[in-house]
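Q: I am new to this structure and would like to learn how to read it. Can we go through it feature by feature?

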Amino acid sequence: MTMLPLAAWAANPALAGRWRLDTKRSTALDGWNAWDLVVSLDGSRVDLRHDMQWRTTKLTATNAVDTAKPTSVKDFFRVEQRHMALYPIRDALTPVKAEWLDGERTLRIEATPQIEGSQGIGPMRVYQELRLIEGDKELLVIELHSTRSKPYLYRFTKVTGEK
């Protein structure tokens, strides 16, 4: 029987719920004008649903990760993919690892989606941290990509009273 550390299963319930992007305090959201991140927790599984909007165009995409074991996510969603001309390979599986850090206050995700750009097809390394801050009323998402020299910084506030 394999024993996993408690942190592999533990999830901070404060992360669950709907988070709304604070566009004034975040990296430019090129290609979109609104983003809600909806986090659902089920044991070691964490679903990250991205509710995106550009004017009247709406898109919803979910990345499901597991802190107990590496997984593969079909059609791994990247927020910037609409604007950067680095397109996901349709139906491709993306290897993903996730784990809790800082006493379950930070969820770290590492993914390697296959992308297609002007230089051909190849892997992109994506590193994300979702950090609870400011008394669990704010969420900071930090993203690093192997195709970009600067990180993306997204600040969210917890939405209450909405589904």
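**Strands, rings and a pocket**

A: In β4, Asp-66 is the bridge partner of Arg-45. Keep in mind that this is a predicted model.

Q: In what sense do β3 and β4 pair, and over how many bridges?

A: Strands of a sheet pair through backbone hydrogen bonds, and the pairing is either parallel or antiparallel. Here β3 and strand β4 (residues 57-66) are antiparallel, with ten bridges between them. Two residues separate the strands in this hairpin, and Arg-55 has a positive phi near 55 degrees.

Q: Which strand is joined to β3 by nine bridges?

A: That is strand β2 (residues 34-42), which runs antiparallel to strand β3 (residues 45-54).

Q: Which side chain does Arg-18 join in a polar contact?

A: The side chain of Arg-18 makes a polar contact of 2.7 Å with that of Asp-36. Arg-18 belongs to strand β1 (residues 17-21).

Q: Is Arg-18 buried or exposed?

A: Arg-18 has a relative accessible area of 11%. Buried means under 20%, so Arg-18 counts as buried.

Q: In what order do the strands of the open sheet lie?

A: The order is β6-β9-β10, three strands with antiparallel pairing. At the edges are β6 (87-88) and β10 (120-123), each of which pairs on one side only. Two bridges join β6 to strand β9 (residues 114-117). In one of the pairings, Tyr-87 has Glu-116 of β9 as its bridge partner.

Q: How many aromatic pairs does a search of the whole structure find?

A: A pair of aromatic rings is described by the distance of the centres and the angle of the planes. The search finds three pairs. One of them is Trp-35 with Tyr-154: the ring centres are 4.9 Å apart and the planes are at 80 degrees, so the pair is edge-to-face. Because Trp-35 is in strand β2 and Tyr-154 in strand β13 (residues 152-159), the pair ties together parts 119 residues apart in sequence.

Q: How are the rings of Trp-35 and Phe-156 arranged?

A: Their centres are 4.8 Å apart and their planes are at 85 degrees, so this pair is edge-to-face. Trp-35 in strand β2 and Phe-156 in strand β13 are 121 residues apart, and the pair links these distant parts of the chain.

Q: Are Trp-35 and Phe-156 buried or exposed?

A: Trp-35 is buried, at 2% relative accessibility. Phe-156 is buried too, at 0%.

Q: Which residues form the aromatic cluster?

A: Trp-35, Tyr-152, Tyr-154 and Phe-156 make up one cluster. Look also at Tyr-152, where Arg-148 lies over the face of the ring, 4.2 Å from the ring centre.

Q: What is the volume of the largest pocket?

A: Rolling a probe the size of a water molecule over the atoms shows where empty space is left. The largest pocket has a volume of about 150 Å³.

Q: Which strands each supply at least two residues of its lining?

A: They are β1, β2, β3 and β4. The lining of the largest pocket includes Trp-35, Asp-36 and Asp-51. Among the other lining residues are Arg-20, Leu-21, Met-52 and Lys-58.

Note on methods
Residues are numbered from 1 along each chain as its sequence is written. This is a predicted model: local features need pLDDT of at least 70, side-chain atom pairs count only at pLDDT 80 or more; totals for chains, interfaces and linings use all residues. Side-chain values use heavy atoms; hydrogens and water are left out. Helices (H or I, at least four residues) and strands (E, at least two) are DSSP runs, numbered from the N terminus. Buried means under 20% relative accessible area, exposed over 50%, partly exposed in between (1.4 Å probe, protein chains only). A polar contact is a pair of N or O atoms within 3.5 Å; within protein, one must be able to donate a hydrogen and the other to accept it, and residues adjacent in sequence count only if both atoms are side-chain atoms. Two strands pair if DSSP finds at least two bridges between them. Rings of Phe, Tyr and Trp (its six-membered ring) pair if their centres lie within 6.5 Å; planes under 30 degrees apart count as stacked, over 60 as edge-to-face and the rest as tilted. A charge sits over a ring if NZ of Lys or CZ of Arg is within 6 Å of the ring centre and within 35 degrees of the ring normal. On a 1 Å grid over the protein atoms alone, a cavity is a set of points where a 1.4 Å probe fits but cannot get out, and a pocket is an open set with protein on both sides within 12 Å along at least five of seven lines; lining residues have an atom within 4 Å of a point. Grid points are joined across faces, edges and corners, and a volume is the space filled by probe spheres set on the points.
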